[in-house]
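Dear colleague,

Please find below the structure that I am handing over to you. My findings follow it.

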Amino acid sequence: MSTTKIGVLVMSYGTPESMDQVEAYYTHIRRGHPPTPEQLQELTERYEAIVGGVFPLRANTDKQVAALQETLARMSAGSDQQFICYQGLKHARPFIEDGVEQMFRDGIHQAIGIVLAPHYSVMSIGGYIKRAEAKAAELGIKMSFVHSYHLHPKLIQAFANRVSAKLEQFKEAGAKRDQVKVLFSAHSLPERILQMGDPYQDQLLETAGAVAAEAGVKDWQFTWQSAGRTADPWLGPDILDTLRTLSQEQVEDILVAPIGFVSDHLEVLYDLDIEAKTIAKELDMRLERIDSLGNDPLYMETLGECVMKLAADWA
Ligand SMILES: CC1=C(CCC(=O)O)c2cc3nc(cc4[nH]c(cc5[nH]c(cc1n2)c(C)c5CCC(=O)O)c(CCC(=O)O)c4C)C(CCC(=O)O)=C3C
Ligand SMILES: [Fe+2]
């Protein structure tokens, strides 16, 4: 029996590896336009605030890719397909194109691409796929892509387990489980995606509804976070405004479930754990956040099953 090697391009946002790389990283996000000194300083301060000059997304992505490699090896044991994972990052090294190039140098002819983010938008996942597709076409690698996995039962279970665990903690602290408002959140995008018929918002609402149902949560809302500071309008309401509104409605206990993210990084550790918590405190509310998925086995199996489903077409 001969085995077919299948490359798995695991794509993620990317983060700097040291403070002196923040400017180049920010410039890449801004499509080659360097940030102003004020913008650079503001981003640098946010990174300093989270864990003092470490970039947690770097190590977290490494751990997720290693865990997915193990999961795929286990799931494909005994089959004639062998899966080999490569990293491809949107805004840092190894870039998406570097990952595809490495597969080519390793003699890979077939590959699957998947992003460490569950929801499709043409502005997020669409961008990752476009770049990988272009490089794969150039090098003659046959590539298919997982577009989204926002309702995979194991993903829903993984999020629901985390919601339930935190609700238990509220209960131990004296709050009634049904008095805790669960806020599902995700990275905002410019409002114009709605006119483009983009599935991002609907997919997020579907994930939120499914997780709430699985965890038995009745009192929940969806809200946006981490909107960019550009002239065009971004999807709202923003979580900080939502907290102010809920405070006026006498809500005291909030559990945030950032279902658009799968890892600890700036948008979770700063925008939620520092910024949103500070506002909540000012409003006399208690705000907690569910743990990030990281390399939760249920999340790894979600990714593994999506990859193997596409690869089955080549078996
Ligand atoms: C949809 C989406 C996701 C989720 C899906 C996915 O994961 O892909 C995501 C994740 C992330 N975004 C991240 C960081 C940043 N995003 C920025 C800016 C932007 N994000 C955007 C969108 C998204 N971003 C957009 C439309 C912009 C405006 C510029 C542009 O049009 O591209 C900026 C610039 C400054 C600022 O605006 O804050 C930073 C520093 C980090 C890494 C944090 C770390 O290093 O720990 C992660 C995981
Ligand atoms: Fe971002």
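How far is a nitrogen atom of ligand 1 from an N or O atom in the side chain of His187? In this predicted model, the distance between the nitrogen atom of ligand 1 and the His187 side-chain atom is 3.2 Å.

On its own, ligand 1 has 870 Å² of accessible area, of which the protein covers 89%. Helix H1 (22-29), helix H2 (37-51) and helix H9 (266-269) are the elements that each supply two or more residues to the shell around ligand 1. There are 21 residues around ligand 1, and those that come nearest are Tyr13, Thr15, Tyr47, Tyr128 and Leu266. The shell comprises 14 nonpolar, four polar and three charged residues.

Turning to the aromatic residues, the structure contains five aromatic pairs. The ring planes of Tyr47 and Phe55 stand at 55°, with centres 4.8 Å apart, so this pair is classed as tilted. Tyr47 and Phe55 are both buried. Phe222 and Trp224 form an edge-to-face pair, with 4.9 Å between centres and 85° between planes. Phe222 and Trp224 are likewise both buried, and together with Tyr200 they form one aromatic cluster.

Finally, two arginines are placed over rings. Arg286 lies over the face of Phe170, 4.4 Å from the ring centre, while the charged end of Arg30 sits over the ring of Tyr26, 5.9 Å from its centre.

With kind regards

How values were computed. Residues numbered from 1 in each chain as written. Chains lettered and ligands numbered in written order. Predicted model: local features only at pLDDT ≥ 70, side-chain atom pairs only at ≥ 80, totals over all residues. Heavy atoms only, no water. Phe/Tyr/Trp six-rings, centres within 6.5 Å; stacked < 30°, edge-to-face > 60°. Buried < 20%, exposed > 50% of the residue type's maximum accessible area, 1.4 Å probe, protein only. Lys NZ or Arg CZ within 6 Å of the ring centre and 35° of its normal. Near = heavy atom within 4 Å. Polar contact = N/O pair within 3.5 Å; in protein donor to acceptor, adjacent residues only side chain to side chain. Areas by Shrake-Rupley, 256 points an atom, 1.4 Å probe, with all protein chains shown as cover. Helix = DSSP H or I, 4+ residues; strand = E, 2+ residues; numbered from the N terminus. Nonpolar A, V, L, I, M, F, W, Y, C, P; charged D, E, K, R; others polar.
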